[in-house]
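Please keep the sequence and the model in view while reading.

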Amino acid sequence: MPSTATTRDPMQSLLKAAREAGDGLPPVERWHPEYCGEMDMVIKRDGTWWHEGTRITRDRLVRLFSTILRKDEDGQTYLVTPVEKIGITVETAPFIATRVDAVGSGREQSLVFTTNMGDLAEAGPEHPIDVQFDAETGEPTPLVRVRGRLDALMARPVFYELAELAEEKDGVMGVWSGGEFYPLGGVDGDS
């Protein structure tokens, strides 16, 4: 049964929340402290955080660090406060998109991604989807922009959901969101 676009519809409520939510994050883009060097901190491809070879298991600490992340034009990711800027290593992306919700269909569709840190991002011009392919293996690395220059790697089930929503446009399979078409690969599954 098709849903109606009312505020009682959970999908419409999610879309509204994604569009209206103030992110409540520190204004790291406005802070320009001096660079203080590198820290032995790694965000692995699976979304786990490691410090000096030990996994950080305290969720509250990881969430706190995630609020002061910034990726600069140099491609490097930093932990930034008003007084220091420390470089860290990110294997693929600092976040994992753990869920996608589709509202509407076709060109009118909106895709709302939820990350492992609780961020919501409605794919569109400010939150583009980018699927990169490994030149040797052909394996996709599907990303969605979350905030600033920070991306989320889509968990495999999330990418499979996108594949189910895909349609062909000019010989390319992709999805619509926010009025934009995002290629997921060729019609035959090639990149």
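Does tyrosine 78 count as buried or exposed? At 6% relative accessibility, tyrosine 78 counts as buried, where buried means under 20% relative accessible area, exposed over 50% and partly exposed in between, with a 1.4 Å probe and protein chains only. The model is predicted, so local features need pLDDT of at least 70 and side-chain atom pairs count only at pLDDT 80 or more, whereas totals for chains, interfaces and linings use all residues. Residues are numbered from 1 along each chain as its sequence is written, and side-chain values use heavy atoms, with hydrogens and water left out.

**Aromatic pairs**

- The structure holds 3 aromatic pairs, a pair being rings of Phe, Tyr and Trp (its six-membered ring) with centres within 6.5 Å, counted as stacked if the planes are under 30 degrees apart, edge-to-face if over 60 and tilted for the rest.
- One of them joins tyrosine 35 and tyrosine 78 edge-to-face, at 6.0 Å centre to centre and 85° between the planes.
- This pair links distant parts of the chain, with tyrosine 35 in strand 1 (residues 35-43) and tyrosine 78 in strand 5 (residues 77-80), 43 residues apart; helices (H or I, at least four residues) and strands (E, at least two) are DSSP runs numbered from the N terminus.
- Tyrosine 35 is partly exposed, at a relative accessible area of 44%.
- Tryptophan 49 and phenylalanine 65 form a stacked pair, because their ring centres are 6.3 Å apart and their planes lie at 10°.
- That pair, too, links distant parts of the chain, from tryptophan 49 in strand 2 (residues 49-51) to phenylalanine 65 in helix 2 (residues 59-66), 16 residues apart.
- Tryptophan 49 is buried at 1% relative accessible area, and phenylalanine 65 is buried at 19%.

- Aspartate 72, in the loop between strand 4 (69-71) and strand 5, counts as buried at 13% relative accessibility.
- Leaving aside neighbours within four places in sequence, aspartate 72 is in contact (heavy atoms within 4.5 Å) with Tyr78, Lys85 and Arg149.

**Helix 3**

- The buried residues of helix 3 (residues 156-165) are Val158, Phe159 and Leu162.
- These cover an arc of only 95° around the axis, so they are on the same side of helix 3; the arc is that of the directions from the helix axis to the C-beta atoms.
- Arg156, Pro157 and Glu164 are exposed on the other side of helix 3.
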